[in-house]
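Here are my notes on this one, as numbered points. Have the model open while you read.

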Amino acid sequence: MSLEILEQLEAKVQMAVDTIALLQMEVEELKEANAELTQNLEQANNGRSEVEQEAQKARDDQAQFEARIRGLLGKMEEVE
């Protein structure tokens with residue numbers, strides 16, 4: 001009877017070892033996926049920063065253009 005119990009214990013220990021090994025592989029896969037997602041997030045944030053800078057430059061250019069137009073309109077009114 002004790003040999004039977006020992007075999008059951010061995011089977012349970014082996015199952016636990018196999019489960020731990022599978023969980024370790026899953027953890028590694030999740031770490032890799034997390035690293036990839038973190039990199040994608042950083043790239044997206046960098047892209048967002050670039051777009052925000054371009055938008056600000058466009059707003060600045062528009063403001064300069066409007067100021068020049070106002071200046072030209074003011075000169076035209078002086079001529080009239």
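1. Start with burial: of the 80 residues of the protein, 0% count as buried. The cut-offs are under 20% relative accessible area for buried, over 50% for exposed, and partly exposed in between, using a 1.4 Å probe and protein chains only. Keep in mind that this is a predicted model, where local features need pLDDT of at least 70, side-chain atom pairs count only at pLDDT 80 or more, and totals for chains, interfaces and linings use all residues. Residues are numbered from 1 along each chain as its sequence is written, and side-chain values use heavy atoms, with hydrogens and water left out.

2. What about the fold? The protein has one helix and zero strands. The radius of gyration is 34 Å, well over the 12 Å from the globule rule for 80 residues, so the protein is more spread out than a compact globule. That radius is taken over C-alpha atoms, and the globule rule is 2.2 Å times the number of residues to the power 0.38. Helices (H or I, at least four residues) and strands (E, at least two) are DSSP runs, numbered from the N terminus.

3. For dimensions, the C-alpha atoms fill a box of roughly 115 × 10 × 5 Å along the principal axes.

4. The accessible surface of the protein is about 7,700 Å², and carbon and sulfur atoms account for 58% of it; areas come from the Shrake-Rupley method with a 1.4 Å probe, and for residues only the protein chains shown count as cover.

5. Which residues make the nonpolar surface patch of about 450 Å²? Leu3, Leu6, Leu9, Val13 and Val17 do. Patch members need over 30% relative accessible area and no salt bridge; like charges are joined within 9 Å, and nonpolar side chains (Val, Leu, Ile, Met, Phe, Trp, Tyr) within 5 Å. Val13 sits in helix H1 and is partly exposed, because its relative accessibility is 44%.

6. Now the charges. There are 8 positive and 19 negative side chains, and the centres of the two sets lie 15 Å apart. Lys and Arg count as positive, Asp and Glu as negative, while His and the chain ends are not counted. Each charge is placed at NZ of Lys, CZ of Arg, CG of Asp or CD of Glu.

7. How many salt bridges are there? The count is four, taking a side-chain nitrogen of Lys or Arg within 4 Å of a carboxyl oxygen of Asp or Glu. One of them joins Glu28 and Lys31 at 3.9 Å, N to O. Both residues lie in helix H1 (residues 2-79), three residues apart, about one turn of the helix. Glu28 is partly exposed, as its relative accessibility is 42%.

8. Another salt bridge links Glu52 and Arg48, at 3.1 Å from N to O. This pair is four residues apart in helix H1, about one turn. Arg48 is exposed at 54%, whereas Glu52 is partly exposed at 43%.

9. Arg70 also pairs with Glu66 in a salt bridge, with the closest N and O atoms 3.6 Å apart. Arg70 and Glu66 are separated by about one helical turn because they are four residues apart in helix H1. Arg70 is exposed, with 55% relative accessible area, and Glu66 is partly exposed, with 33%.
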